[in-house]
Amino acid sequence: MILFLKMYFMRVNYEMVAVCNGFENSQLELLWDLHLVKRFFDKHDKDKDGLIDFGEFVKYVRDHESKLRLYFKNIDINDDGSIDKDEIIASFKKLGVNIDSNEADKLVSKMDKDGTLKIEWSEWRDYLILSPSQSIKEILQHWRHASMIDVGENVIVPDDFTEKEMKTGIWKTNLMAGGMAGAVSRSCTAPLDRIKVMLQVHGTGKNQFGVINGFKHMLEEGGVKSLWRGNGVNVIKIAPESAIKFMAYEQFKKIIHGDSKEELRVGERLLAGSLAGATAQTIIYPMEVLKTRLAIRKTGQYKGILDCAMKIHQKEGAAVFYRGYIPNLLGIIPYAGIDLAVYETLKKLYMKKYENTDPGIFVLLGCGTISCTAGQLASYPLALVRTKLQAQGAKADSMLGLFKKIIKQDGLTGLYRGIVPNFMKVIPAVGISYVVYEKSRQWLLN
């Protein structure tokens with residue numbers, strides 16, 4: 001027993017150092033973030049010397065092992081000293097999570113070292129002894145909560161929060177941290193977002209208005225400050241949009257899924273997420289129109305957001321605040337569907353190739369980035385038409401008329417005008433979002 005503890009003591013010290021230094025190959029990379037490391041030391045470093053000595057570690061292992069044994073016995077329904085896939089499926093069902101036979105097999109393979117297709121107590125203990133998770137259900141959460149990725153576009157399908165997370169209020173922390181991450185990320189990539197809007201509205205094959213020429217034009221017309229035009233309203237709308245979407249998503253989940261405690265299937269998540277996204281967009285859409293008008297405005301045209309809204313209303317009427325609403329609504333389904341489908345596909349491919357390896361944060365960010373980019377690519381023509389309609393004055397084109405006009409002037413490539421700066425902002429936006437999300441979440445939890 002002492003040898004066992006010393007081996008784990010050496011391992012946990014190595015892993016803690018790996019986490020603190022940001023080594024991506026650390027096995028505990030996703031199980032132990034810096035906040036959890038701090039919480040671990042606060043609880044178990046009794047002499048407060050900044051080190052976990054062997055005696056303190058032994059106490060932690062014994063306490064944690066007792067909890068793990070209780071969970072093991074609860075899942076071991078037939079009390080034969082091992083856990084098979086049927087017991088895993090049944091236990092997850094009690095927790096309100098519906099998993100299929102294939103996923104149960106993969107969970108077993110992660111812990112099953114001797115190839116018996118069952119999980120013995122020693123295998124269970126070895127796998128979870130260094131995890132801060134209190135159940136296998138929490139381990140599954142590593143594939144969830146990717147909303148810290150904010151590339152300046154709307155994430156249609158919100159996160160699914162467990163009943164425990166809803167009761168403890170963790171969902172509030174995650175939403176607030178996500179809002180902070182979105183605000184910082186959008187502000188840092190605002191110049192690229194504005195040049196995208198300028199290219200969508202003013203760019204054609206004839207005028208050769210490109211990324212470099214666009215930046216030169218913006219700097220000459222309004223100086224460096226003008227690169228952030230429209231960013232204010234883009235940041236302000238994060239809070240109401242996220243709140244409305246979250247509340248609507250929870251309501252649509254109840255309507256679609258009833259009182260069942262089982263986890264939503266992918267199709268159900270897509271439907272609930274799309275309806276929630278449509279609800280949020282319907283309510284905050286006037287802010288989308290204001291964002292576009294402020295982004296393309298000339299120096300001195302408007303004094304601010306309120307002045308812009310008043311002048312547009314006086315000149316063009318209230319209906320203008322919903323111009324482009326139809327293509328915006330139509331874009332939700334392909335964006336959400338492809339985003340979710342690509343993410344689930346990449347997840348399954350990873351789990352199939354690396355059966356015994358937990359996904360690291362870079363895998364999660366990579367999957368989220370690729371799926372989000374694929375969703376944008378599919379829905380971009382509708383987004384371009386929406387932006388053009390938002391920018392038009394009193395005599396606006398129809399949606400179909402504008403599609404025909406763009407294709408006639410610039411061909412099919414014209415429907416992707418401005419997509420280069422849109423993709424240019426993805427990588428920095430993802431990186432900034434993740435860092436700010438983690439820091440904000442740690443700060444909120446302290």
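Q: Why does tyrosine 322 count as partly exposed?
A: This is a predicted model, and in it tyrosine 322 has a relative accessible area of 36%. Buried would need under 20% and exposed over 50%, so tyrosine 322 lands in between and is called partly exposed.

Q: What makes the rings of tyrosine 322 and tyrosine 325 an edge-to-face pair?
A: Two numbers settle that one. The ring centres are 5.7 Å apart, and the planes stand at 75°. Pairing asks for centres within 6.5 Å, and edge-to-face asks for planes over 60 degrees apart, so the pair passes both tests.

Q: Is tyrosine 325 buried or exposed, and how do you know?
A: Tyrosine 325 is buried, because its relative accessible area is 17% and the cut-off is under 20%.

Q: Which residues do ring pairs link into a cluster with Tyr325?
A: Tyr285 and Tyr322 join Tyr325 in that cluster. The structure holds five aromatic pairs.

Q: What makes tyrosine 380 and tyrosine 416 a stacked pair?
A: Their planes are 10° apart and their centres 5.9 Å apart.

Q: How do you know whether tyrosine 380 is buried or exposed?
A: Tyrosine 380 has a relative accessible area of 3%, so it is buried. Tyrosine 416 comes out at 32% relative accessibility, so it counts as partly exposed.

Q: Why is alanine 383 called buried?
A: Alanine 383 has a relative accessible area of 18%; the limit is under 20%, so it qualifies as buried. Alanine 383 is in helix H18 (residues 361-391). Its C-alpha atom is 9.8 Å from that of isoleucine 332, a residue 51 places away along the chain.

Q: What makes glutamate 316 and arginine 293 a salt bridge?
A: Their closest N and O atoms are 2.9 Å apart. The cut-off is within 4 Å, so the pair counts. As a general point, side chains of opposite charge can pair when their charged atoms come close.

Q: Why can the pair of glutamate 316 and arginine 293 be said to tie parts together?
A: Glutamate 316 is in helix H15 and arginine 293 is in helix H14, so the bridge joins parts that are 23 residues apart in sequence. Both glutamate 316 and arginine 293 are buried. Glutamate 316 also forms a salt bridge with arginine 323, with closest N and O atoms 3.4 Å apart, and arginine 323 is buried too.

Q: How do you know that the span of helix H15 (residues 305-316) is close to what is expected?
A: With twelve residues, H15 reaches 16 Å from its first C-alpha to its last, and the expected value at 1.5 Å a residue is 16 Å. Its buried residues are Asp307, Cys308, Ala309, Ile312 and Glu316, and what covers them includes helix H14 (266-296). After H15 comes glycine 317, with a positive phi near 90°.

Q: Why are aspartate 193 and lysine 196 about one helical turn apart?
A: Because they are three residues apart in helix H10 (residues 190-202). Aspartate 193 and lysine 196 form a salt bridge, with closest N and O atoms 3.4 Å apart, and both are buried. They belong to a network of salt bridges that also links Lys291 and Lys425. A search of the whole structure finds 13 salt bridges.

Q: What makes arginine 69 count as sitting over the ring of tryptophan 121?
A: Arginine 69 lies over the face of tryptophan 121, at 4.2 Å from the ring centre, and the distance limit is within 6 Å.

Q: Which residues touch the most other members of the largest nonpolar core?
A: Phe72, Ile83, Ile88, Met111, Ile119, Trp121 and Trp124 do, out of 14 residues in that core. Helix H5 (101-111) is one of the elements giving two or more residues, and H5 gives the most, with four.

Definitions and conventions: Residues numbered from 1 in each chain as written. Predicted model: local features only at pLDDT ≥ 70, side-chain atom pairs only at ≥ 80, totals over all residues. Heavy atoms only, no water. Buried < 20%, exposed > 50% of the residue type's maximum accessible area, 1.4 Å probe, protein only. Core = buried A, V, L, I, M, F, W, Y, C linked by side-chain atoms within 4.5 Å. Expected span 1.5 Å × (residues − 1). Contact = heavy atoms within 4.5 Å. Phe/Tyr/Trp six-rings, centres within 6.5 Å; stacked < 30°, edge-to-face > 60°. Lys NZ or Arg CZ within 6 Å of the ring centre and 35° of its normal. Salt bridge = Lys/Arg side-chain N within 4 Å of Asp/Glu carboxyl O.
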